[in-house]
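Subject: Structure handover

Dear colleague,

Here is the structure we spoke about, with my notes on it below. Please read them with the coordinates open.

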Amino acid sequence: MENVSMENVSMESARLVLRRFTPADAPALAAYRSDPEVSRYQGWEAPVPLAEAEPLAASFSAGDPRAPGWFQYAVERRDVPGLIGDVGVCRSEDGRQAVLGFTFAPEFQGHGYATEAVARIVGFLLAEEKLHRLSAGCDARNVRSAKLLERVGFRREGHLVQSLWVKGEWTDDVLFGLLATEYEGTRDGR
Ligand SMILES: CC(C)(COP(=O)(O)OP(=O)(O)OC[C@H]1O[C@@H](n2cnc3c(N)ncnc32)[C@H](O)[C@@H]1OP(=O)(O)O)[C@@H](O)C(=O)NCCC(=O)NCCS
């Protein structure tokens, strides 16, 4: 049985630990957020110097995972310490819905780690925390993100044409959703 402890905000999956950020994660956070391929479809601009990553990691480390708004989970491998990526969860005001986001360091992409981490969070939020619905959105060109969301069970719900102004251009936003009822159906193999 995978364990969840909200006291120390730690969850495990087969190969990973999802835990609270610490200030010591700042250098790894700065490194992957500074990669232009990693930042390409995200809201921030690369590079992200250590001086910016340090207060960011500190603010992530002080977050409340059950409060409305964003909480960022740090992801590391069970057998090798060190930040490899993060999964963000933004709970709604009433706590019944959440939006997900995720970012992994390039050297840790292509191993199924991001899928494993997001699947763990999805299970936690829908099966354990009993949220009603999860949502996610990505740039229509972000094929890897869309594939990941569909792998963990999200449904494509819409394609908003030129709906966001990001990094000097209009971009298409693809919307995904997953209901608790659909998730239970998947787990039962229906
Ligand atoms: C989105 C993102 C997390 C997806 O990363 P990813 O590496 O494609 O996802 P995973 O870690 O789950 O790896 C899946 C890939 O690993 C492969 N893989 C290798 N070993 C595997 C294993 N043991 N288990 C599962 N998959 C494995 C899968 O086949 C898949 O490859 P494919 O897409 O070529 O079929 C990553 O591209 C990223 O961080 N991008 C930058 C930030 C970003 O844009 N975030 C999304 C904003 S909406």
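The ligand is surrounded by 20 residues, where a residue counts as near if one of its heavy atoms lies within 4 Å. Phe102, Phe104, Gly110, Thr115 and Asn142 are the closest. This is a predicted model, in which local features need pLDDT of at least 70 and side-chain atom pairs pLDDT 80 or more, while totals for chains, interfaces and linings use all residues. Residues are numbered from 1 along each chain as its sequence is written, and side-chain values use heavy atoms, with hydrogens and water left out.

By class, the shell around the ligand holds six nonpolar, ten polar and four charged residues; Ala, Val, Leu, Ile, Met, Phe, Trp, Tyr, Cys and Pro count as nonpolar, Asp, Glu, Lys and Arg as charged, and the others, Gly among them, as polar. β6 (97-104), α4 (113-128), β7 (133-139) and α5 (143-151) each give at least two residues to this shell, and α5 has the largest share, with four. Helices (H or I, at least four residues) and strands (E, at least two) are DSSP runs numbered from the N terminus.

As for the overall fold, the protein has six helices and nine strands. Its C-alpha atoms fill a box of roughly 45 × 40 × 35 Å along the principal axes. The radius of gyration is 16 Å, which agrees with the value near 16 Å for a compact globule of 190 residues; it is taken over C-alpha atoms, and the globule rule is 2.2 Å times the number of residues to the power 0.38.

Two backbone details are left. The peptide bond from alanine 46 to proline 47 is cis, with omega near 0 degrees, and proline 47 sits in the loop between α2 (36-39) and α3 (50-61). Lysine 130, in the loop between α4 and β7, has a positive phi near 60 degrees although lysine 130 is not a glycine.

Regards
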